[in-house]
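The report below describes a single protein chain for a reader who has its sequence and model at hand.

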Amino acid sequence: MIRYIAFDADDTLWENEPYFRETEGNFIHMLAPNSDYNEEELKELMFHYIVKNVPLYGYGTRSLMLSLMGFCNQYATKNLSEMIDKTIALGQKQLLKPVVLLPHVRETLEHLSKQYKLLMITKGDLMEQQRKIKESGIDHLFEHIRVLEEKDEKSYADFFNEVGINILEVVMVGNSYKSDVLPIEALGGNAVFIPYKSTWAFEHADKKESDLIHERNNITEVPVLIKALQQEEKCVSPSL
């Protein structure tokens, strides 16, 4: 029986990815005239540099800034001090971006919260995520909110065990196939993939055929899907 609906936060409930791409684009445009590489070359090098640092720095704007400053130090051939100062300014600007809910999020959550317990499971920098959660104005709708360092099978399993939730009673909704869908499916739970208009390449993963994985276009389709899954459960009777 489905009792809990869990939601990713960034790019599932509110805007996030466009801010990162804007910051990275401005950074590359700033760095290129002060480097021996062109913008396309720097963009490719930057992606691999950031990904390499994820195990060390984690996710979020502060992690990005640390990587970009290190990248400056490695690839800037002049004006390094100025480049570092401008990189810090880009990060500060991103940290002050407003929290903008995606269309129909608030009303969908309000509707679902009348029938199910809602969970928010996100990852990234704790301080940054807590600010966004508070400013979102929807935090009161959730039974549990957790910011994980990573979203993998172990992290999910540890969280559900800690709060006493059976994964078979959970449906997870998110925009990352790698972080929101595959780990939940591997644990035996239902997962709903709602693609966002842009997703960081690091979060891409091959799609998998599974009765536990469902793809929908937007969050407004989730209530109908949950109802259908509930009906399927009622139609399944134990073997005699």
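By about how much of a helix are Glu-82 and Lys-86 separated in helix H4? Being four residues apart in helix H4, Glu-82 and Lys-86 are separated by about one helical turn.

## Basis of the model

This is a predicted model, in which local features need pLDDT of at least 70 and side-chain atom pairs count only at pLDDT 80 or more, whereas totals for chains, interfaces and linings use all residues. Residues are numbered from 1 along each chain as its sequence is written, and side-chain values use heavy atoms, with hydrogens and water left out.

## Overall architecture

The protein chain contains nine helices and six strands, where helices (H or I, at least four residues) and strands (E, at least two) are DSSP runs numbered from the N terminus. Taken along the principal axes, the C-alpha atoms of the protein chain fill a box of roughly 75 × 35 × 30 Å. Of the contacts (heavy atoms within 4.5 Å) between residues at least 6 apart in sequence, 70% join residues at least 24 apart.

Of the 240 residues in the protein chain, 49% are buried; buried means under 20% relative accessible area, exposed over 50%, and partly exposed in between, with a 1.4 Å probe and protein chains only. The accessible surface comes to about 12500 Å², and 52% of it belongs to carbon and sulfur atoms; such areas come from the Shrake-Rupley method with a 1.4 Å probe, and for residues only the protein chains shown count as cover.

## Charges and salt bridges

The chain carries 26 positive and 38 negative charges, whose mean positions are 4 Å apart. In this count Lys and Arg are positive and Asp and Glu negative, while His and the chain ends are not counted, and the place of a charge is taken as NZ of Lys, CZ of Arg, CG of Asp or CD of Glu.

With a salt bridge defined as a side-chain nitrogen of Lys or Arg within 4 Å of a carboxyl oxygen of Asp or Glu, the count comes to 17 salt bridges. One of them joins Glu-22 and Lys-97 at 3.3 Å, N to O, and this pair links distant parts of the chain, with Glu-22 in helix H1 (residues 17-31) and Lys-97 in the loop between helix H4 (80-95) and helix H5 (105-112), 75 residues apart. Glu-22 counts as partly exposed at 33% relative accessibility, whereas Lys-97, at 17%, counts as buried. Asp-125 and Arg-62 also meet in a salt bridge, at 2.9 Å, N to O; here Asp-125 lies in the loop between strand S2 (117-123) and helix H6 (126-136), and Arg-62 lies in helix H3 (residues 61-75), 63 residues apart. Arg-62 is partly exposed, with a relative accessible area of 34%.

The pair from the opening question, Glu-82 and Lys-86, forms a salt bridge whose closest N and O atoms are 2.9 Å apart. Glu-82 is partly exposed at 36% relative accessible area, and Lys-86 is partly exposed at 38%. Beyond these pairs, Asp-8, Lys-151 and Asp-180 are linked in a network of salt bridges.

## Aromatic rings

Rings of Phe, Tyr and Trp (its six-membered ring) pair if their centres lie within 6.5 Å, and planes under 30 degrees apart count as stacked, over 60 as edge-to-face and the rest as tilted; by this rule the count comes to seven aromatic pairs. The ring centres of Tyr-156 and Phe-160 are 6.4 Å apart and the planes lie at 15°, so the pair is stacked. These two residues are four apart in helix H7 (residues 153-163), separated by about one helical turn, and both Tyr-156 and Phe-160 are buried. Elsewhere, Phe-27, Tyr-37, Tyr-49, Phe-71 and Tyr-75 form one aromatic cluster.

## Helix H8 and its cover

Seven of the 10 residues of helix H8 (residues 177-186) are buried, so the helix is largely enclosed by the rest of the structure. The buried residues of H8 are Tyr-177, Ser-179, Asp-180, Val-181, Pro-183, Ile-184 and Glu-185, and what covers them includes S2, H7, strand S4 (170-174), strand S5 (190-193) and strand S6 (213-215). H8 is followed by Gly-188, whose phi is positive, near 100°.

Asp-11 has a positive phi of about 65° although it is not a glycine. Asp-11 is found in the loop between strand S1 (4-7) and H1, and at 6% relative accessibility Asp-11 counts as buried. His-104, in the loop between H4 and H5, likewise has a positive phi, near 70°, but His-104 is partly exposed, with a relative accessible area of 43%.
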